[in-house]
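Good morning, and thank you for making time for this.

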Amino acid sequence: MRGDRRLFSGLDFSLSSGTFVQLTGPNGSGKTSLLRILCGLSAPAEGKVYWESADIRSLGEDYFAAVTYLGHRPGVKDELSAFENLRISNALNGVEVSRDDALNALERMGLAGRESLPARFLSEGQRRRVALARLLVCNTRLWLLDEVMTSLDKGAVGLVRSLIEEHLNRGGIAIVATHQELELSAGVNQRLELTT
Amino acid sequence: MLRWIVWRDLMLAWRRRSDMLSTVFFFVIVVSLFPLGIGPELQLLRSIAPGVVWVAALLASMLSLGRLFANDYQDGTLEQLLLTPQPLYLVVAGKVLAHWIIAEVPLVLIAPLVGVQFDLSRETLWVLFVSLLVGTPILSLIGAVGAALTLGLRGGGVLISILILPLYIPALIFGAGAVEASIIGMTPAPHLYLLGAFAIVSLLFAPWAASAALRISLE
């Protein structure tokens, strides 16, 4: 429910390790709302979300340790450099990343040579890449990605695809809201289409 | 964890030093306007000094409170903070501690200097310093609740003043009371003890209330 409007109802599904769900639907169909409910930021009007057969409301912080959510807004601080952004956001998530690991992750995201530039000098796509670099160093099992492909070039979209494939091969789960078709060669591919 | 969040906020504040300095300048200017406006009537200046300095500190902290969560809210880092695997009140406590260091400690340090304009004795200046040192954490703590409640609202700046300034009244009464007691030659200790008790109570409840308000604001 958003305002007085019912976005979706009767939604019931369970996902096992190595599953990829592509969440599609027109603008305003509730993709973001569903992802925010799944990550625990919003509470559903009715129903519950279970993680390893426990209600995520009762798991609280233990659930957050298993989830990485990347939203519309990249969550990158303008005043901090790409390197600082990555290290601090990981430290706050309880994973302290070594200097080399952080630099390697940024290099793989194509940000070599720009690690120490304040993020306000980066382009929109590059800031998005800084946010995505978190996926390389976090060790969470559930990824919830909301429109992370916006303002990314073709190379970066390919990179995101291979990141998700690696994640699925490790036994992770990924739910990705996107308008672009994403065909993966790994894991179980599923599609959830929301309608207005 | 607490260390990281404090360090992060201090670093962000350092890279935006102008925000921090504007709060201090506001405080200094507001306090200095009174002696300039009233003129050299020492008796009158001495008697209004505690109230003026404390009210200026309250107003100055209003200026910086709006930014406590708003910047993180705009760029999406607040969502990420809500999803960290630590109790949210620890995150809030870290941010409040950083806010106190950034916005209140400079006021506490400079208050004895601006207090000289009111012809306060050395002993009274010392009491002024201690009362602000004990009292300003209350401003950051209670202010955080208001900042969390008004997050993302239009005109949040005015709303936060209406919401929070009344809650500052006990801190104002006992803080200014301690300085007044010292001016008339009495011991400021009872006022300071009450101020300290109020600070402890807000330390217990405010981070918890602010984190509940944040969850509602971001839902």
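Predicted model: local features only at pLDDT ≥ 70, side-chain atom pairs only at ≥ 80, totals over all residues.

Let me begin with the overall build of chain B, whose secondary structure comes to 10 helices and zero strands, so that, read along the sequence, the pattern is simply α-α-α-α-α-α-α-α-α-α. The radius of gyration of chain B is 18 Å, close to the 17 Å that the globule rule gives for 219 residues, and chain B is therefore as compact as a globular protein of that length. Along the principal axes, the C-alpha trace of chain B spans about 55 × 35 × 30 Å. Of the 219 residues in chain B, 47% are buried, and if we take the contacts in this chain with a separation of 6 or more, 79% of them join residues 24 or more positions apart.

Which residues of H2(B) are buried? They are Thr23(B), Phe27(B), Val31(B) and Pro35(B), and the buried residues of this helix pack against helix H3 (42–65) and helix H6 (88–115) of chain B. Just after H2(B) comes Gly39(B), which takes a positive phi of about 90°.

Turning to the contact between the chains, 21 residues come from chain B and 23 residues from chain A. On the chain B side, helix H1 (2–15) and helix H5 (77–82) each supply at least two residues, and by class that side has 10 nonpolar, five polar and six charged residues.

Last, the sheet in chain A, which is open and formed by five strands in the order S4-S5-S6-S1-S7, with parallel pairing. Strand S4 (67–70) and strand S7 (188–193) of chain A stand at the edges with a single partner strand each, so one side of each is left without a neighbour in the sheet. Neighbouring strands here are turned by 15° against each other on average, direction ignored. Within this sheet, strand S1 (residues 19–24) and strand S6 (residues 173–177) of chain A pair in the parallel sense over four bridges, and Phe20(A) has Ala174(A) in S6(A) as its bridge partner.

Technical notes:
Residues numbered from 1 in each chain as written. Chains lettered and ligands numbered in written order. Contact = placed C-beta atoms within 7 Å. Nonpolar A, V, L, I, M, F, W, Y, C, P; charged D, E, K, R; others polar. Buried ≥ 20, exposed ≤ 12 C-beta atoms within 10 Å, placed from the backbone. Rg over C-alpha atoms; globule rule 2.2 N^0.38 Å. Pairing = 2+ DSSP bridges. Axes fitted to C-alpha atoms, helices over the stretch in contact; angles between N-to-C directions.
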